[in-house]
Amino acid sequence: MTEEAARTDPATATGYGEHPPRVGFFTDTSVCIGCKACEVACKEWNGVPDDGFDLLGMSFDNTGTLGANSWRHVAFVEQPAPPEPRRAEAVDLGLPSFDLPGAGTGEEGRTDFRWLMSSDVCKHCTHAGCLDVCPTGALFRTEYGSVVVQPDICNGCGYCVSGCPYGVIDRREDDGRAWKCTLCYDRLRDGLEPACAKACPTDSIQFGPLDELRERARERVEHLHDSGVPEARLYGESPDDGVGGDGAFFLLLDEPEVYGLPPDPVVPTRDAPSMWKYAGMAASAFAAAAVSVFLGRGSR
Amino acid sequence: MGSNMAEAHPVGFQWVMEAKARGAEVIHIDPRFTRTSALADLHVPLRAGTDIAFLGGVINHILEHDLDFREYVRAYTNAPYLVDERFQDTEDLDGLFSGYDSGTASYDNTTWQYESQTDSGEGGTRAKEQSRPDQLGSGGPGVEGGARKIAADPELKHPRCVFQILKRHFARYTPEAVEEICGVPAETFLRVCRAWTANSGRERTAALVYSVGWTQHTLGAQYIRAGSIIQLLLGNIGRPGGGVFALRGHASIQGSTDIPTLFNLLPGYLPMPDTSHEDLPSYLHKVRGDRQKGFWRNADAYLVSLLKEYWGEAATPENDFRFDYLPRINGDHGTYRTVLDMLDGKVFGYFLLGQNPAVGSAHGRLQRLGMSNLDWLVVRDLTMIESAEFWKDSPEIETGEIVPERCRTEVFFFPAAAHVEKAGTFTQTQRMLQWRDKAVEPRGDQRSELWFIYHLGRLLREKLAGSADERDRPLLDLAWDYELEGEDEPSAEDVLRRINGIDLRTGKEVDGYLDLRADGTTVCGCWIYSGVFADGVNQAARREPHDEQGPYENEWGWTWPLNRRVLYNRASADLDGRPWSERKALVWWDAERGEWTGHDVPDFEKNKPPDYRPADDAVGPAALSGDDPFVMQADGKGWLFAPNGVVDGPLPTHYEPHESPVRNRLYAQQGNPARKVFGRAENPSNPSPPERGGEVFPYVFTTARLTEHHTAGGMSRQLPYLSELQPELFMEVSPRLAAERGLTHLGWAHVITSRTAVDARVFVTDRMRPLRLEGREVHQVWMPYHWGHTGLVDGDVVNDLIGVVLDPNVFIQETKVATCDVRPGRRPRGPALLDYVAGYRQRAGVTPETGTRIDTVTRHDTAHLEEDR
């Protein structure tokens, strides 16, 4: 086992010996048609209950957010066309902007109204905060590198909820336990792809070994850049980000905030060792200071 | 155009996305910015109901700049043919063609015929009342003399040749006219023209996709004609990557016209006999003519084999194979006529099999009132839909118009098996039959349609057994002997086998319709499906993976006719039988082997060489030249101009919708001069120019679907996972209209027409854009129509807002465009609703006569009212 593998392959890091390659999702939002088949297929397969019949008025999104009862969530973003005529030579005064995140982030040169759609899901992080903080062992790392909750072990403490930098995992109101996407662990073990990817008609949700998906995603971005979509970018693909790279990453057509994704997610437990170190140093310093006071007093 | 493919056909849309990934440019022309527009390279919003003005503009652009595929047009279309010298165009008659009769609002199309024809055409009120054009689903209409030499000018210069008529007819459809009628800026329109023409011709093809956004208009058939004319002019028919794609509104709608549930059709688009057909020979003469080209010539074999399938041993040559057992139609017996007849007490019983007219049909209110005036009603559906519960739960209960204790209709509800609980086929829009197996047993009392119909027939026959009454013979003589599976389920596979056809001499399945005979030795339930059980194998059940076969995937399912994937594919090769280009090769003539071959099954007689010329007296298939690709047409050509088969004009013409906020800018004739109106108090129309009062309903109203729900909601509003995704009825308005009417996002508002008022939550969105035309702003309001009063989520019935007015060709209703008013807040409830809507009618001066004075050219003062009936 190389050090690199231990760092980037969570199954290896967890101690699995022979194990299948790490798998995940590449969600290419540039071809998402917002049909929500992923949401329905997920609920059908996993027996997730409905989330209430509420008209949210957020474009065609009536799911609102990922949660205990929504393991896939399709966001709809209506971006108005930039006001015309555009001022060609606006002078940048360098003043701070007061726009809300996502408002008016239309790419330069875009003249048309845009309706962005994107299917969000648990990221199955390389460094998973939910997993790190789970005190019961209900959350575990699978041999595929995914992160799964075992409902029969979960005691509903809710630490994982605050441990997730994306706000994905959530407790179900009626039973108090934590629920989220399992990457269809049961289907994987039967050699099937997850239900959402299977149902996606345009291959916006692609499932496969993460290495292959990353390669494919990079090619797709290049292709889009070459064909006049300079705003295409990957999100969650880099192993060097704050969660060590996502098992489910995205191709976006705008800033992550526009889709309701955190721009720079960091696993909260990343800084735990250093925090303890600093806490320790602080404690030592305090102790030293206290001692020195006495010593000082003695030396006076 | 007129299609929200990504939302209504998301699975099919994957292929559009794949084409886009390979470099295809996707243009979406539609009133509303939808999920389809979001994925298109260009979205062009236009005013609902003005597509012919737009398409006419494209035709004009092509002809004015000589951008047509001239070799293709000259050889494969009827462009060179000369038309009767008495023919007068809309150019001459201010929006009417010659032969118009104001009194009946129909055309005598004698003058639309080719010059050399002697026949008088098949127009008139009879054609209009029987929806004659609707009977032409698998081939063109008759042209007596089509097999003879037709006077023509190959140079396309003669002033009376089709090409020149086309040029004159569309000359006034300029970019400026398009801008003023459709609200599409001329520059945007020209961008579409350039993309369409640049991607057509020898090396490239363009595909045209439409859905019910095109069909559900008073001139829907002409929308499609207009699109077809463009595709013919550009050489995009019968070629790979070309075509006109009709996306259906429902699974197997194609199947339900192939093997029809329509009053005027028999299987395989054989017309239902009418009262003028005395006997079998007179019927066959009418269907196939004496001197016509093409495969309709063999209609005798198709019909006799069908009669043999129906009546088996009882059908013999001596008794005309029991042709007399077939019903005869004598007028309009379509679904809307039937509902009006219910109101008038002329209909006693009604079957609804998988249909929810109380929500899904135009004028839901009329539907419910009609159904409340029956003796009995049978509803077969998955759940208790609105059409089964209208007598105790409907808006009319609220207004007091239906009182449960007094409603005379006895409703029988039969739970139906869902598609996974029964075996059978779906036929999709490519004419492909795909077999589906039964996955699970139906629960409880749920049964398949096949079970219901079979056992209903069995019980009726048992009840009538021994009857001496002559009128019971057709039922008693039926060959009602399908194989049963398990206890009592008829075998769907056995039914498909009989649809395919069997040679009675050998007992074996026939290989295709060419094997059918008119002497009673073959049986066949639907001649165009013949071949689906060739070699005794269920061809529809083939599931060869696409990566293990050729590019046309000929071994997935089965496509009629004879598993051809592209119809009229002879047109993919030039006159000499060589592909127009290597890039676009599909089928070609192999001179060495003396046969047509290629990637698809050639839609041509296998061994007929390209230079074949028929004898002067040949008829039927033998009369087809080696370069007549349109083998089901009476003259072998693609029709730019339709001498027969379209009752509202030989060429598409822009008319305003029945309800429109503006006067027709092009002609004095305002709306489709042959549209079907039903002037009666229950079915009022909003006024349109030149009538006064239209300002009371100032906005354009259009309806459509959402991905998350299925049509009238019977299959989605009962399911939590779908209901939560679109839980409530809403209307979409532009920010400008919201400001004009004081509407707020997520607040309540109601839409009013002269029929009723419906309330819903408001969505203010930039996806709705006001259009500028004739110097003023026109607003459009959009609503999905999935809601009703049963299910997990409920809402008002949007179709209650729409009146009944029909396309005269196919009797489809104009659900895609009307006019309306919008007001903030909830609508009045109970009887107050009736008063409220009556107030609107009064202000707009609406009477039963409104909208029924169809002829606005001669101002012939005929109001087409229902009262005489």
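In this predicted model, 25 residues of chain A are in contact with 31 residues of chain B. On the chain A side, two elements each supply at least two residues: helix 3 (37-46) and strand 3 (114-121). Helix 3 of chain A gives the most, with five residues. Sorted by class, the chain A side that touches chain B has 12 nonpolar, five polar and eight charged residues. For the complex, the predictor gives an ipTM of 0.92 and a pTM of 0.93.

**How confident is the model?**

Chain B has a mean pLDDT of 94, and 99% of its residues reach 70 or more. Chain A averages a pLDDT of 87, with 84% of its residues scoring at least 70.

**Finding your way through the domains**

Chain A is assigned domain 1 (3-79 + 103-266) and domain 2 (268-300). The C-alpha centres of domain 1 of chain A and domain 2 of chain A are 42 Å apart.

Chain B is divided into domain 1 (5-251), domain 2 (254-329 + 491-540), domain 3 (335-428 + 431-470) and domain 4 (676-844). Between domain 2 of chain B and domain 3 of chain B, the C-alpha centres are separated by 28 Å. These two domains touch: nine residues of domain 2 of chain B are in contact with 11 residues of domain 3 of chain B. On the domain 2 side of this contact, helix 13 (253-258) and helix 23 (492-500) of chain B are the elements that give two or more residues. That side of domain 2 of chain B has five nonpolar, three polar and one charged residues.

Two packed helices are described by the angle between their axes and the distance between the axes.

| Helix pair | Angle between axes | Distance between axes |
|---|---|---|
| Helix 4 (residues 51-64) of chain B and helix 12 (residues 220-233) of chain B | about 20° | 9 Å |
| Helix 16 (residues 335-343) of chain B and helix 18 (residues 364-371) of chain B | roughly 50° | within 8 Å |

Take the pair of helix 4 and helix 12 of chain B, whose axes pack at about 20°. That angle makes helix 4 of chain B roughly parallel to helix 12 of chain B, and the crossing of helix 4 and helix 12 of chain B is left-handed. Helix 4 of chain B brings Asp51(B), Ile52(B), Leu55(B), Gly56(B), Val58(B), Ile59(B) and Ile62(B) to the contact, where they meet Gln222(B), Tyr223(B), Ala226(B), Gly227(B), Ile229(B), Ile230(B) and Leu233(B) of helix 12 of chain B. By class, this contact holds 10 nonpolar, three polar and one charged residues.

Now turn to helix 16 and helix 18 of chain B, whose axes cross at roughly 50°. That makes helix 16 of chain B oblique to helix 18 of chain B. The crossing of helix 16 and helix 18 of chain B is left-handed. From helix 16 of chain B, Val339(B), Met342(B) and Leu343(B) meet Leu366(B), Gln367(B), Leu369(B), Gly370(B) and Met371(B) in helix 18 of chain B. The contact between helix 16 and helix 18 of chain B has six nonpolar, two polar and no charged residues.

**A few backbone details**

Most residues other than glycine have a negative phi, and most peptide bonds are trans. Some places in this model depart from that pattern.

Lys36(A) has a positive phi of about 65° although it is not a glycine. You can find Lys36(A) in the loop between strand 1 (23-28) and helix 3 of chain A.

In chain B, a cis peptide bond joins Trp560(B) and Pro561(B), with omega about -5°. Pro561(B) sits in the loop between strand 19 (558-559) and strand 20 (587-590) of chain B. The peptide bond from Pro689(B) to Pro690(B) is cis as well, with omega near 5°. Look for Pro690(B) in the loop between strand 22 (676-677) and strand 23 (699-704) of chain B.

Technical notes: Residues are numbered from 1 along each chain as its sequence is written. Chains are lettered from A and ligands numbered from 1 in the order in which they are written. This is a predicted model: local features need pLDDT of at least 70, side-chain atom pairs count only at pLDDT 80 or more; totals for chains, interfaces and linings use all residues. Domain bounds come from an automatic or database domain assignment. Two residues are in contact if their C-beta atoms, placed from the backbone, lie within 7 Å. Helices (H or I, at least four residues) and strands (E, at least two) are DSSP runs, numbered from the N terminus. Ala, Val, Leu, Ile, Met, Phe, Trp, Tyr, Cys and Pro count as nonpolar, Asp, Glu, Lys and Arg as charged, and the others, Gly among them, as polar. Axes are lines fitted to C-alpha atoms, for helices over the stretch in contact, and angles run from 0 to 180 degrees between N-to-C directions. Angles under 35 degrees count as roughly parallel, over 145 as roughly antiparallel, 65 to 115 as roughly perpendicular and the rest as oblique. A crossing is left-handed if the near helix is turned anticlockwise from the far one by less than a right angle, and right-handed if clockwise. pLDDT is the predictor's confidence in each residue, from 0 to 100.
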